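Have the model open beside you as you read.

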Amino acid sequence: LVGIGSVSAQARAETPMGASELRQQASMRGGVTTESAHFRFHFPPDSVDADHDHFAAQEEVVLAELLSWFGGELSGKVDFFVWNDDAQARAVLGRPLAFAVPETLLVHTSPEHTRGHELTHVVVGDVLKPTDTTRFIVEGTAVAFDQTGRDRTATARAAVRAAGERPVSVVGL
């Protein structure tokens, strides 16, 4: 899958912190850490998602589906920071949610974001280790595997038909 990869270089460019600093800065003092087979979940003390075990179980299911699709296993546990919202994360991290740093198995997200998008970045980056990436393919892959079940192609086609516009050519763009 040439061209599928991570956006970690972009993530690093958008923040003055690297992955280890993001992990340390986001330690969520007074928060709750829940471990599962493949994750260390970090929740803030005032977490809006009170059922941490259920959240962890759902992410394990998402991960199993992604690993089945892409093949392979993760090289370690994912540090998965679950912020209440963008404002809370921005106050600590100095940047918006959601993002992943696949090389260090790090995810920062919130319950408002899709379950699989950032995790797809981690799985693809850690399992496939692509050497050639483009943002179009990277983000397209994460959207396609975000685990929402939405058919975004059908939605886009319907919007184009409703607007009476000519179909858009990706090559033409």
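1. Let's start at the end of a helix. Gly164, which comes just after α7, takes a positive phi of about 70 degrees. Please keep in mind throughout that this is a predicted model.

2. Helix α7 covers residues 152-163, and its 12 residues should span 16 Å at 1.5 Å a residue.

3. Two backbone details are worth a look. Most residues other than glycine have a negative phi, and most peptide bonds are trans. Leu105 is not a glycine, yet its phi is positive, at about 55 degrees. You will find Leu105 in the loop between β4 and β5, the latter being residues 106-109. The other detail is the peptide bond from Leu97 to Ala98, which is cis with omega near -10 degrees. Ala98 belongs to the loop that joins α4 (86-93) and β4 (99-101).

4. Next, the pair α3 and α5. Helix α3 (residues 52-70) packs against helix α5 (residues 117-128) at an angle of about 40 degrees, and their axes are 10 Å apart. That angle makes α3 oblique to α5, and the crossing of the two is right-handed. On the α3 side, the contact is made by Glu59, Val62, Leu63, Leu66, Leu67 and Phe70. On the α5 side, Leu119, Thr120, Val123, Val124, Val127 and Leu128 take part.

5. Which residues meet here in α5 and α6? From α5 they are His117, Thr120, His121 and Val124, and from α6 they are Val138, Glu139, Thr141, Ala142 and Val143.

6. Finally, the rings. With ring centres within 6.5 Å taken as the cut-off for a pair, the count comes to nine aromatic pairs. One aromatic cluster is formed by Phe39, Phe41, Phe43, Phe55 and Phe80. Elsewhere in your viewer, look for Arg95: its charged end sits over the ring of Phe99, 3.7 Å from the ring's centre.

Methods: Residues are numbered from 1 along each chain as its sequence is written. This is a predicted model: local features need pLDDT of at least 70, side-chain atom pairs count only at pLDDT 80 or more; totals for chains, interfaces and linings use all residues. Side-chain values use heavy atoms; hydrogens and water are left out. Helices (H or I, at least four residues) and strands (E, at least two) are DSSP runs, numbered from the N terminus. The expected span of a helix is 1.5 Å times one less than its number of residues. Rings of Phe, Tyr and Trp (its six-membered ring) pair if their centres lie within 6.5 Å; planes under 30 degrees apart count as stacked, over 60 as edge-to-face and the rest as tilted. A charge sits over a ring if NZ of Lys or CZ of Arg is within 6 Å of the ring centre and within 35 degrees of the ring normal. Axes are lines fitted to C-alpha atoms, for helices over the stretch in contact, and angles run from 0 to 180 degrees between N-to-C directions. Angles under 35 degrees count as roughly parallel, over 145 as roughly antiparallel, 65 to 115 as roughly perpendicular and the rest as oblique. A crossing is left-handed if the near helix is turned anticlockwise from the far one by less than a right angle, and right-handed if clockwise. Contact means heavy atoms within 4.5 Å.
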